[in-house]
Amino acid sequence: MTMHVLGRPGIARRLAKTFATVGAVTAVLVGMTAFTLPAGATTHGTAHQPTPTYTVRTILSGHSLHHWYTKAGSKVRRSEPLTKPDDITRIGGDLFTAFQNGVGPQGQASPDGNRDSTVVEFTRSGRVVAQWDIVGKCDGLTANPSAGLVVATVNEDANSSLYTIDPSNGQVVHYSYSRPLPHKGGTDAISFFNGLMLISASAPGTTGAPAPKPFYPAVYVVALNQAKHLALFHALFFDESRATAANGPHFGHPVKLGLTDPDSNQVVPGFEPRFAGDFMLTSQGDKQQIYVNAPNSKHQHLSVLNLSQSVDDTAWSTSWRGAFYATDNGADTVDVIIGSFWPGTAFVAVTPCGANNAPATCPARGFPGNYLGHLNMFNGQILKVSLRGASLHPQGLIFAAS
């Protein structure tokens with residue numbers, strides 16, 4: 001059953017007229033949550049089945065790994081443990097994550113003088129296969145399935161560039177952007193959509209006027225010039241583009257975006273009851289997700305879903321059998337989340353301290369540390385997922401079917 005047509009403007013307007021009262025619309029949305037809730041989950045406590053509990057187990061710790069680096073201005077090589085894993089991706093049966101090792105968001109050296117992130121390839125049981133150092137703070141990491149490459153962006157606030165890694169031969173290639181990024185920031189998450197490389201335009205206004213601005217891109221379409229090692233790009237849409245409200249008081253009507261924090265992005269699985277097959281950008285600080293239907297075409301259309309919490313990564317279960325894998329940036333670990341997952345379940349790494357209204361000192365009252373949440377893609381509500389086992393404060397998130 002496909003219901004992602006709610007994100008389309010014409011049908012959304014007709015539905016809004018059909019459901020004449022807020023109560024009627026709410027009833028329909030609550031009914032639709034059955035398609036996205038994990039088995040046994042409750043809808044705001046109305047169901048009588050117990051909420052499922054999932055088990056967390058640590059499979060990889062940066063404390064047991066290390067890399068070598070040379071401090072700026074020195075010729076002496078030093079070794080240190082790997083710290084602060086962020087994004088996570090996979091090719092075939094192996095997973096990849098990037099440890100940022102204390103490097104700053106504009107590529108500044110860590111307190112001990114290190115300037116390199118470390119990308120680690122490992123099996124689903126946590127056995128390390130290979131690792132590569134790249135210069136800068138790696139915040140975006142994904143796989144190019146058609147080429148068999150890992151793609152990484154570095155420095156999400158400014159001085160950004162990207163790398164490709166070929167796991168088959170270990171080759172690392174560095175690409176510079178072909179011109180200054182017009183949003184005056186850096187680059188972050190990466191997705192591949194029908195052959196397009198789509199990259200988040202993160203931290204807009206870092207070196208210019210504060211965001212939002214109508215001329216600041218929110219996402220770039222990027223193509224690599226392998227001969228010149230250049231990344232060519234153009235804007236997919238902008239921080240103040242028009243979108244259809246997917247929930248809230250303006251449901252079904254056009255609204256102007258005001259994005260200040262484009263961050264993670266993903267492609268929605270094609271079987272989802274809403275936004276199936278869309279490209280999705282999360283604007284973390286704004287507590288919004290932008291769903292793009294038919295990106296980079298004349299039929300491109302944007303829908304904006306307001307969220308009850310700030311989130312980083314989103315991942316969907318694609319099978320009854322499999323597991324979610326999460327990075328814990330504070331604990332320097334990668335963890336596996338085990339259980340039975342209803343296909344289509346949307347889990348999110350909830351980041352209360354990443355919201356624009358979070359206090360300067362955080363966690364704080366009303367703004368806890370990161371936690372795993374379940375996202376209702378119809379009303380934007382996020383419920384905390386019950387976990388047991390290892391403590392988990394997720395940041396990067398991916399599902400791997402077995």
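Leaving aside neighbours within four places in sequence, which residues is Trp 320 in contact with? They are Phe 341, Trp 342 and Pro 343. Contact means heavy atoms within 4.5 Å.

## Basis of the model

This is a predicted model, where local features need pLDDT of at least 70, side-chain atom pairs count only at pLDDT 80 or more, and totals for chains, interfaces and linings use all residues. Residues are numbered from 1 along each chain as its sequence is written, and side-chain values use heavy atoms, with hydrogens and water left out.

## Overall build

The protein chain has two helices and 29 strands. Both are DSSP runs numbered from the N terminus: helices are H or I with at least four residues, strands are E with at least two. Of the 402 residues, 55% count as buried. Buried means under 20% relative accessible area, with a 1.4 Å probe and protein chains only. Among contacts with a separation of 6 or more, 56% come from residues 24 or more positions apart.

## Around Trp 320

Trp 320 sits in the loop between E22 and strand E23 (322–328). Its C-alpha is 5.4 Å from that of Phe 341, although the two are 21 residues apart in sequence.

## Aromatic pairs

The whole structure holds 13 aromatic pairs. Rings of Phe, Tyr and Trp (its six-membered ring) pair if their centres lie within 6.5 Å; planes under 30 degrees apart count as stacked, over 60 as edge-to-face and the rest as tilted. Phe 324 and Phe 399 form an edge-to-face pair, 4.9 Å centre to centre with 65° between the planes. Phe 324 lies in strand E23 and Phe 399 in strand E29, so this pair ties together parts 75 residues apart in sequence. Both Phe 324 and Phe 399 are buried.

Phe 399 also pairs edge-to-face with Phe 341, at 6.0 Å centre to centre and 85° between the planes. Phe 341 lies in the loop between strand E24 (333–338) and strand E25 (346–350), and Phe 399 in strand E29, so the pair ties together parts 58 residues apart in sequence. Phe 341 is buried too. Ring pairs link Tyr 54, Phe 324, Phe 341, Phe 347 and Phe 399 into a cluster.

## Largest pocket

The largest pocket has a volume of about 710 Å³. On a 1 Å grid over the protein atoms alone, a pocket is an open set of points where a 1.4 Å probe fits, with protein on both sides within 12 Å along at least five of seven lines; lining residues have an atom within 4 Å of a point. Grid points are joined across faces, edges and corners, and the volume is the space filled by probe spheres set on them.

The lining has 28 residues, and the closest to the centre are Thr 89, Thr 142, Gln 266, Val 267 and Ile 398. Strand E4 (85–91) gives the most, with five residues. The lining divides into 15 nonpolar, ten polar and three charged residues. Here Ala, Val, Leu, Ile, Met, Phe, Trp, Tyr, Cys and Pro count as nonpolar, Asp, Glu, Lys and Arg as charged, and the others, Gly among them, as polar.

## Second largest pocket

The second largest pocket holds about 520 Å³ of space. Of its 27 lining residues, the closest to the centre are Asp 263, Gln 284, Asp 312, Gly 354 and Gln 395. E4, E12, E18 and E22 each supply at least two lining residues. E18 gives the most, with three. This lining divides into six nonpolar, ten polar and eleven charged residues.

Key:
Buried < 20%, exposed > 50% of the residue type's maximum accessible area, 1.4 Å probe, protein only.
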